[in-house]
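Thanks for coming, everyone. Let me put the structure up on the screen. Then I'll walk you through it.

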Amino acid sequence: MKKIEVIKNEDLKKYTTLHIGGKCKNVYFPKTVEEVNEVLDLHPIILGCGSNVLIDDTKVFENAMVLTKFNKITLMGNTIIAEAGAKLMDVCLFAYEHGLTGLEFAYGIPGSVGGAIVMNAGAYGGEIKDVLVGVKTNKQFYENKDCEFGYRTSRFSHSEECILSGYFQLRKGDSSMILQKMKELLQRRIEKQPLDAYSAGSTFKRGKDFYASQLISDCQLKGYRVNGASVSMKHAGFLINEENATFNEYLQLIKDVQKIVYEKTNKQLECEIKIIS
Ligand SMILES: Cc1cc2nc3c(=O)[nH]c(=O)nc-3n(C[C@H](O)[C@H](O)[C@H](O)COP(=O)(O)OP(=O)(O)OC[C@H]3O[C@@H](n4cnc5c(N)ncnc54)[C@H](O)[C@@H]3O)c2cc1C
């Protein structure tokens, strides 16, 4: 562990978009595969951009690994190979700079390559699984067909493996059209989502026959709050940390929303965000 960057007794909330989370004795920032593998021996909490996690703030954790400095992006033909900590937005820009189309849908998702693969992140009709041909983990290489991708899930959602890199196969496209599409989709986010608030994006998954945000809104829950945690007034699918919300307040808000929606509509909302406790 000699050379690996580490911060001792660090607040994990700094590495999450919700800004909720407890202390951690050692937060590592590996930059190479060798460093990632070395830290993995400590069984750390793995974080990319922390944009889909709710971390317990009543606990002191031993070890965490933030992958954002493990972030090289390279090109092989029309295939982009991106290390797990690379920001998805940077991969989208890289694709645009090389005149490659297929990843525009992901522009605006504030996650890392690793986190996006774990979640099979998606938006505006596209999903990671549509462009990903392979995943390298600390154990082996998986082809797309072996990744068990589903709606906001993959085999990595419930495995101990650490994603090291993703292989995105794109197509040659028209750079100005690619840029236009990316800008258009980002603009839609700016208009619809509370991007100035601390959140983890949509808190709940879409159901088979419903959008969680629509149900929450129909149940008049916009603005509903548990102390510092509240349902966004702008987008009911976003539960936000409005004012120094604690882990327990945010969790209570999730439970209240699930309970009220179930009582009024008979629909069960399933959490999309990962709870680390
Ligand atoms: C404003 C906002 C908008 C959003 N919009 C969208 C959207 O449109 N579509 C969408 O799908 N999501 C969206 N999200 C959610 C989130 O950005 C995505 O799920 C993203 O892919 C998560 O990546 P991350 O790096 O932040 O993951 P993290 O939050 O860091 O981690 C998520 C999970 O993956 C695990 N993990 C992370 N990296 C690795 C790795 N390398 N190996 C193994 N496990 C790993 C973590 O342990 C954790 O369990 C949004 C979030 C916000 C805040």
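This is a predicted model: local features need pLDDT of at least 70, side-chain atom pairs count only at pLDDT 80 or more; totals for chains, interfaces and linings use all residues.

Residues are numbered from 1 along each chain as its sequence is written.

First, the overall picture. The protein has six helices and 18 strands. Both are DSSP runs, numbered from the N terminus: helices are H or I with at least four residues, strands are E with at least two. The C-alpha trace spans about 50 × 45 × 30 Å along its principal axes. What about the radius of gyration? For 277 residues, a compact globule would come out near 19 Å, and the protein has 19 Å, which agrees. That radius is taken over C-alpha atoms, and the globule rule is 2.2 Å times the number of residues to the power 0.38.

Next, the domains. The assignment gives domain 1 (5–66), domain 2 (73–192) and domain 3 (212–276). Those bounds come from an automatic or database domain assignment. Between domain 2 and domain 3, the C-alpha centres are 28 Å apart.

Now some parallel pairing. Two strands pair if DSSP finds at least two bridges between them. Strand E2 (residues 23–29) runs parallel to strand E5 (residues 60–66), with five bridges. Cys 24 has Phe 61 in E5 as its bridge partner. E3 also pairs with E5 in the parallel sense, over three bridges. There, Ile 45 stands opposite Ala 64 in E5.

On to an antiparallel sheet. In what order do its five strands come? The sheet is open, and the order is E6-E7-E13-E11-E12. At the edges are strand E6 (73–76) and strand E12 (141–143), each pairing on one side only. From one strand to the next, the twist averages 20 degrees. Axes here are lines fitted to C-alpha atoms, for helices over the stretch in contact, and angles run from 0 to 180 degrees between N-to-C directions.

Look at E11 in that sheet. Strand E11 (residues 132–137) is antiparallel to E12, with three bridges. The two form a hairpin with three residues between them. E11 is also antiparallel to E13, with five bridges. Val 135 stands opposite Tyr 142 in E12 and opposite Gly 166 in E13.

Helix H2 (residues 88–97) lies across E6, strand E7 (79–83) and strand E13 (163–169), at about 155 degrees to E7. Contact means C-beta atoms, placed from the backbone, within 7 Å.

How values were computed. Two residues are in contact if their C-beta atoms, placed from the backbone, lie within 7 Å.
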